[in-house]
Amino acid sequence: MPKLLIVYHSRTGGSRQMAEAAYTAAKEEVETTLLKAEDARPDDLLSADGYIFCGPENLAALSGAMKEFFDRCYYPVLGRIEGRPYALMICAGSDGENAKRQLARIATGWRLKEVQPGFIINTAAQTPEAILAEKTLPEEALAQCRELGQALGAGLAMGAF
């Protein structure tokens, strides 16, 4: 059975909720593993057939913990996961485009195949208090994450990718 790996980082809960929603739907379709970025290792990437990467935008960039995951795993898997399908999700307080662009560039370096357009969930957190507060994402945002997980899981299960 194909395997899907979902790697995420979250400080205030938004990205965690997104990753968990994708995981809940994907596991109905295919064997799925959900890992925090700090726990994911090159072997986890090598043993998976597809990926969802989910992280927050912090200070107009991909979060440091998510970037550290990519830094740690990039060279050990380079040239060994080419062509595998992936999708990405970003949780941002305003824009999110730079984090999305950074993550997509890393995936391009690994020569992964984007099979669903990446998207950004905007929490509109603009004050220090709102930025640091625990997030509760609306149902429509979580539904979008579930749809992504279900689609990627089903595609892997059917051998579409």
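**A buried lysine and its surroundings**

Biologist: Which side chain of opposite charge is nearest to Lys-135, which is buried yet has no salt bridge?

Modeller: Happy to start there, with a predicted model in which local features need pLDDT of at least 70, side-chain atom pairs count only at pLDDT 80 or more, and totals for chains, interfaces and linings use all residues. Residues are numbered from 1 along each chain as its sequence is written, and side-chain values use heavy atoms, without hydrogens or water. Lys-135 is buried (under 20% relative accessible area; exposed is over 50%, partly exposed in between, with a 1.4 Å probe and protein chains only), and a salt bridge needs a side-chain nitrogen of Lys or Arg within 4 Å of a carboxyl oxygen of Asp or Glu. With Lys and Arg counted as positive, Asp and Glu as negative, and His and the chain ends not counted, the nearest opposite charge is 7.5 Å away, on Glu-134.

Biologist: Which backbone oxygen lies 2.7 Å from a polar atom of the Lys-135 side chain?

Modeller: Lys-135 sits in the loop between helix 5 (128-132) and helix 6 (139-158); helices (H or I, at least four residues) and strands (E, at least two) are DSSP runs numbered from the N terminus. Among the residues Lys-135 touches (heavy atoms within 4.5 Å), not counting those up to four places away in sequence, are Thr-12, Gln-17 and Thr-123. The backbone oxygen 2.7 Å from a polar atom of its side chain belongs to Ile-131.

Biologist: What is the N to O distance in the salt bridge of Glu-139 and Arg-146?

Modeller: Glu-139 is partly exposed at 48% relative accessibility, and Arg-146 is also partly exposed, at 27%. Their side chains meet in a salt bridge with an N to O distance of 2.0 Å.

Biologist: Is Ala-124 buried or exposed?

Modeller: Ala-124 lies in the loop between strand 7 (119-122) and helix 5. Its phi is near 60°, a positive value in a residue other than glycine. With a relative accessible area of 54%, Ala-124 is exposed.

Conventions. A polar contact is a pair of N or O atoms within 3.5 Å; within protein, one must be able to donate a hydrogen and the other to accept it, and residues adjacent in sequence count only if both atoms are side-chain atoms.
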